[in-house]
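Good morning, and thank you for joining this group meeting. Please look at the model on the screen while I go through selected parts of it.

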2 protein chains.
Amino acid sequence: MTGPGEATENSSASYDRRVDIVGRLQTRLQLGKGAEKRLVESILGDLNFATYAPIADIAARAQVSEPTVTRLARALGFSGTREMKFHLAQSLAIGGAYLRGSNQKNIDDRPLDDVITKVSEGAHAALELMSVALSEIDLPTITQDIAKANQVVVYGTGGGSSMAAVELQNRLFRLGLQATAYSDPQLQRMSASVLDAKALVIAFSISGHARSVIDAVSIAKQYNARTITVTSPGSPLANIGDTLFPLTFKEDNNLYKPTASRYALLAAVDFLAMGTAMSIGPKVLERLRRVRQSLASQDIGYPELPLGD
Amino acid sequence: MTGPGEATENSSASYDRRVDIVGRLQTRLQLGKGAEKRLVESILGDLNFATYAPIADIAARAQVSEPTVTRLARALGFSGTREMKFHLAQSLAIGGAYLRGSNQKNIDDRPLDDVITKVSEGAHAALELMSVALSEIDLPTITQDIAKANQVVVYGTGGGSSMAAVELQNRLFRLGLQATAYSDPQLQRMSASVLDAKALVIAFSISGHARSVIDAVSIAKQYNARTITVTSPGSPLANIGDTLFPLTFKEDNNLYKPTASRYALLAAVDFLAMGTAMSIGPKVLERLRRVRQSLASQDIGYPELPLGD
DNA sequence: ATTTTTTGTTGTATTATTACAAAATTTTGG
DNA sequence: CCAAAATTTTGTAATAATACAACAAAAAAT
């Protein structure tokens, strides 16, 4: 439908599909069989090739016929091979080294000087893992709860989680919600003990074992506050919360680079904050405008810049 | 000569050219004239169209002949129109709404439920843009400076930058460096005034206009401290620092999601921290082990978990 | 054994490029 | 400064490359 002929008009539909293309290919790999499976395998095995090579070469390499390639493209929702290749090119651009390198040797084997490659591969991977995991959950329901809450209390201890907690506080605050973040273990427990049924707790912990956060959530529940936990599925914290926002990440053992999970946390904050903004709806724009203006008046006008330099 | 035939090998050469294509077109617009100029104008006027439309349509719209399009592609260093269009598609993907911009309806008009897609696309794109931009700089030199510093002072004001500053402090501290972060404007100026030539300043600012950070860097320079700025190229802060670590990002106009730059900042922190760890070398591992142990003794052993939940 | 689905073959339509010719531009000799 | 030659730029038409449709054969499911 979104064919070349319609190039001029808004191609937002295809834009949405873009990044997901690799995931969709992987799904198809499970279901498919025979010629199509061979083809998908071949494409995933070398995305670069599939992007730049003509259909004849792609077909030859996968030992399938040319129309099979066209048919796969159609099956994925594209108007044809051409369009599929453009989208592959785009996800390759966005996924960067992460996707480009998927068929390469073990990351840690490579020379130590490509710090940039490693860090961004790790970050891309972390984000990818998160968005895959989240296809399971019902984000709107969670964010509607947040949007309706009278008071939002955010817990998180330790570098990553407390960063996330503070960040979420800022973001929700800008949306006009009463949000407060607590990083201090004592304050977490104390603040939890004065909550009521109209309060909403959001608790961050990568491991799900942070003692003070678990305590605070338990206390909050005693007072009937709703609790959302952002943590690893199956962890103690995940088990006691009302709703789980799963934090999925794979920390690799490279001691020099112990931070992939931070991207996952940051993404979680973004998902929650943006989702909440959406749930609140257009009236949130007025509040954002005010915040922006309050910053602008102080530091003379760079309106294009993000909030809170 | 990165033709389709070479698709299988690592196409890092084309990777470098990728983002720059719009800039190169703009350069050509100055020099060129006649048919080519018309064509370039037309392409820049609607990158989307140029990306998706067949050569005949592109030529027709610009009122030039088809071979002129092929010739332009060649002149830009591509093997042909096909390749040029792929690269356009990729820069469009990375530049995102920014490049797609003018001639499209607002992204915000799209349905509200694909929060996850939007956030992760933004994040991926931000990371990719950073790593492309950083292929220019000499990271080892910078991180060796950090590794050798007697004392590291980190400045950053406002949500994103202060988060980055604190995070970098933590990371460098774990490596055994004397690192201190200051988010408070007054403290920034004060701390800068007591530095000496052996101190190293790292200053974060997304815009590069944060008054207190600029002041602190100027003061630090008066006392001969080395200064590294992590900020937008060309900004006031970038101009006064000794070394620039360029922060490249395209904040899109989606008010609901004002945070792509945070991923760029986080990546910058990772690049610097990991690079520094590399520069220090293996002896850093012992320090990391100690930090890990100090955390483990308190909260009973989950050694696989990242430092600082 | 028949129907349905999947895959391949062949011919055709679309798209991009080459080869050549015609303008347009610049250069050069008077 | 002007025309004629040389050079460059641009366009036309033929050709090559690429992708697709229609149909047929094979495989799988009923």
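I begin with two helices of chain B: the axes of helix 11 (residues 185-192) and helix 12 (residues 211-222) come within 8 Å and cross at roughly 5°. Axes are lines fitted to C-alpha atoms, for helices over the stretch in contact, with angles from 0 to 180 degrees between N-to-C directions. Helix 11 and helix 12 of chain B are therefore roughly parallel to each other, a term for angles under 35 degrees. Helices (H or I, at least four residues) and strands (E, at least two) are DSSP runs numbered from the N terminus.

This is a predicted model, in which local features need pLDDT of at least 70 and side-chain atom pairs count only at pLDDT 80 or more, while totals for chains, interfaces and linings use all residues. Residues are numbered from 1 along each chain as its sequence is written, and chains are lettered from A and ligands numbered from 1 in the order in which they are written.

Which residues of helix 11 of chain B meet helix 12 of chain B? They are Pro185(B), Gln188(B), Arg189(B) and Ala192(B), where contact requires C-beta atoms, placed from the backbone, within 7 Å. Their partners in helix 12 include Val213(B), Ala216(B) and Ile219(B).

I turn now to the sheet. Chain B has an open sheet of five strands in the order 2-1-3-4-5, with parallel pairing; two strands pair if DSSP finds at least two bridges between them. Strand 2 (179-182) and strand 5 (243-246) of chain B stand at the edges, each with a single partner strand, so one side of each is left without a neighbour in the sheet. From one strand to the next, the twist averages 20°.

Strand 3 (residues 199-205) of chain B pairs with strand 1 (residues 151-156) over six bridges, and Ile202(B) is the bridge partner of Val154(B). Strand 3 of chain B also pairs with strand 4 over six bridges, with Ala203(B) opposite Thr229(B).

Is strand 4 (residues 226-231) of chain B buried or exposed? Six of its six residues are buried, so strand 4 is largely enclosed by the rest of the structure; buried denotes 20 or more other C-beta atoms, placed from the backbone, within 10 Å of a residue's own. Arg226(B), Ile228(B) and Val230(B) point one way, and Thr227(B), Thr229(B) and Thr231(B) the other.

How values were computed. Parallel < 35°, antiparallel > 145°, perpendicular 65-115°, else oblique. Contact = placed C-beta atoms within 7 Å. Buried ≥ 20, exposed ≤ 12 C-beta atoms within 10 Å, placed from the backbone.
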